[in-house]
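I opened this structure for a first look. My notes follow in the order I looked things up.

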Amino acid sequence: MFARSESNTDLAAAQLARQATASLAGLLAGLGKTRSELAKAMGVSPGRVSQIMSGDANLTVRTLAAAAEALGAGVEIRFYAQPQTPDRQAGDSGQATPMHENGLPSRL
């Protein structure tokens with residue numbers, strides 16, 4: 001049920017990194033701040049911020065939290081159920097788990 005191929009996991013990780021860096025870039029632009037200013041506020045080199053913003057870096061929750069703190073912003077990470085597709089239903093009981101708006105399963 002929780003099995004996921006390594007290639008799917010890699011693709012999902014890359015997508016999450018792109019989403020995070022796009023959101024961070026949008027926040028920077030909205031605040032009128034530069035990458036150099038972010039680097040200074042985070043206490044890291046401008047090169048490190050470039051790595052973070054490239055989306056290629058293995059972003060950690062700590063890195064995301066540091067960027068948010070440096071910008072006086074928050075970060076939200078949430079899990080949610082994805083719609084079932086035929087390839088994901090193999091071995092599935094067919095019963096959907098009711099989900100709360102926050103993405104957590106409801107108790108039945």
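**Overall layout.** I began with the order of elements: from the N terminus, the protein chain runs α-α-α-α. I counted four helices and zero strands. Both are DSSP runs numbered from the N terminus (helices are H or I with at least four residues, strands are E with at least two).

**Ground rules.** I am working with a predicted model, where local features need pLDDT of at least 70 and side-chain atom pairs count only at pLDDT 80 or more, while totals for chains, interfaces and linings use all residues. Residues are numbered from 1 along each chain as its sequence is written, and side-chain values use heavy atoms, with hydrogens and water left out.

**Whole-chain values.** I noted that 17% of the 108 residues in the protein chain count as buried. Buried means under 20% relative accessible area, exposed means over 50%, and partly exposed lies in between (1.4 Å probe, protein chains only). The chain exposes about 8,500 Å², with carbon and sulfur atoms supplying 53% of that. These areas come from the Shrake-Rupley method with a 1.4 Å probe; for residues, only the protein chains shown count as cover. I then checked contacts, meaning heavy atoms within 4.5 Å. Of those between residues at least 6 apart in sequence, 42% join residues at least 24 apart.

**The core.** Which residues make up the largest nonpolar core? I listed twelve: Ala 17, Leu 24, Leu 28, Leu 38, Ala 39, Met 42, Val 49, Ile 52, Met 53, Leu 59, Ala 67 and Leu 71. Helices H1 (6–31), H2 (35–42), H3 (46–54) and H4 (61–71) each give two or more residues to this core. Such a core is a set of buried Ala, Val, Leu, Ile, Met, Phe, Trp, Tyr and Cys residues joined through side-chain atoms within 4.5 Å. Leaving aside neighbours within four places in sequence, Leu 71 contacts Leu 24, Leu 27, Leu 28, Leu 31, Lys 33 and Leu 38.

I found Thr 21 in helix H1. Thr 21 is buried, at 8% relative accessible area. Beyond four places in sequence, Thr 21 is in contact with Ile 52, Met 53, Gly 55 and Leu 59. Thr 63 lies in helix H4. Is Thr 63 buried or exposed? I read a relative accessible area of 12%, so Thr 63 is buried. Not counting residues up to four places away, Thr 63 touches Met 42, Arg 48 and Ile 52.

**Ala 22.** I looked at Ala 22, also in helix H1. Ala 22 counts as partly exposed because its relative accessibility is 49%. Its C-alpha atom is separated by 9.5 Å from that of Ser 54, 32 residues apart along the chain.

**Outside.** Last, I checked Ile 77, in the segment after H4. Ile 77 is exposed, with a relative accessible area of 53%.
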